[in-house]
Amino acid sequence: MRFRAFWHLALVPFAVALAPAGTALGAAAELGVRHRIDVMISAEPDAPVLSRLKGARGELTFTVRLSANSKESKFFGMLRPSFPDIVVPDGPGKPLVQQTKLWEEDVCHQRRGLPKVTVTQLGGHFAQGEGRIEISAINRHIGVLVPPDELTPGIKLDQGSDSFGLFYAFRAQSRNSRLNVDLKIYPIDCFL
């Protein structure tokens with residue numbers, strides 16, 4: 001009996017000594033993520049706007065369907081950014097729209113994959129008068145004829161890294177107007 005009582009008394013200080021360490025390890029913040037999406041618009045070297053309208057002014061708008069759902073943060077909707085004052089560059093390799101932040105999550109959440117983004121429409125115009133070029137590209141829909149300027153979304157580009165960090169890139173490209181809408185998705189580490 002005395003041995004059993006002594007054994008229990010010896011375990012109590014040992015358990016108390018371990019409790020703070022176990023609590024600290026259990027309370028350590030988990031690593032989560034939040035996402036940022038940037039956009040850049042460019043023209044292919046053989047695009048009509050580059051071959052005929054260097055230096056002309058124009059505007060572009062597009063629609064992005066975005067689904068970014070987690071337990072902590074739920075977002076589903078359509079983003080409709082507009083770029084009203086674009087100048088067509090004097091050669092290929094220069095973007096029509098510089099990299100711009102499109103959307104960013106405020107809440108840190110569990111890692112559950114990348115947000116789902118799809119460019120569904122690209123519209124606008126360049127120049128005025130007789131030389132004006134209209135842009136009206138949409139993606140294909142079941143039961144509807146293929147649009148004249150079909151927009152192909154979801155072209156996966158190589159992942160990379162820049163001053164904002166690691167990114168995953170996707171492109172939507174218009175078939176006739178030969179414009180590219182590039183989306184960069186940045187997973188930003190944070191603590192839950």
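Asp 189 counts as exposed because its relative accessibility is 51%, over the 50% cut-off. Arg 111, at 47% relative accessibility, therefore counts as partly exposed.

Salt bridges that share partners also join several residues into one network, consisting of Glu 44, Asp 46, Arg 171, Arg 178 and Asp 182.

## Other salt bridges

Side chains of opposite charge can pair when their charged atoms come close. Across the whole structure, a search finds 15 salt bridges. One of these joins the side chains of Arg 36 and Asp 38, with an N to O distance of 2.7 Å. Both Arg 36 and Asp 38 are buried.

A further salt bridge pairs Lys 101 with Glu 104, where the closest N and O atoms are 3.1 Å apart. Lys 101 has a relative accessibility of 46% and so counts as partly exposed. Glu 104 also counts as partly exposed, because its relative accessibility is 25%.

## The surroundings of Asn 139

Asn 139 lies in the loop between strand 7 (133–138) and strand 8 (151–156). Its relative accessibility is 9%, under the 20% cut-off, so Asn 139 counts as buried. The side chain of Asn 139 makes a polar contact with the side chain of His 141, at 3.5 Å.

When residues up to four places away in sequence are not counted, Asn 139 touches Thr 118, Val 119 and Thr 120, together with Pro 147, Leu 151 and Pro 153.

## Confidence of the model

For the protein chain, the mean pLDDT is 86, and 85% of the residues reach 70 or more. Confidence is highest in strand 10 (residues 165–174), at 97, and lowest in helix 1 (residues 2–27), at a mean of 46. Over residues 5–26 the pLDDT is below 50, and this stretch has zero contacts in the model beyond near neighbours in sequence. Where pLDDT is low, the predicted coordinates should not be read in detail.

Methods
Residues numbered from 1 in each chain as written. Predicted model: local features only at pLDDT ≥ 70, side-chain atom pairs only at ≥ 80, totals over all residues. Heavy atoms only, no water. Helix = DSSP H or I, 4+ residues; strand = E, 2+ residues; numbered from the N terminus. Buried < 20%, exposed > 50% of the residue type's maximum accessible area, 1.4 Å probe, protein only. Polar contact = N/O pair within 3.5 Å; in protein donor to acceptor, adjacent residues only side chain to side chain. Contact = heavy atoms within 4.5 Å. pLDDT = per-residue confidence, 0-100. Salt bridge = Lys/Arg side-chain N within 4 Å of Asp/Glu carboxyl O.
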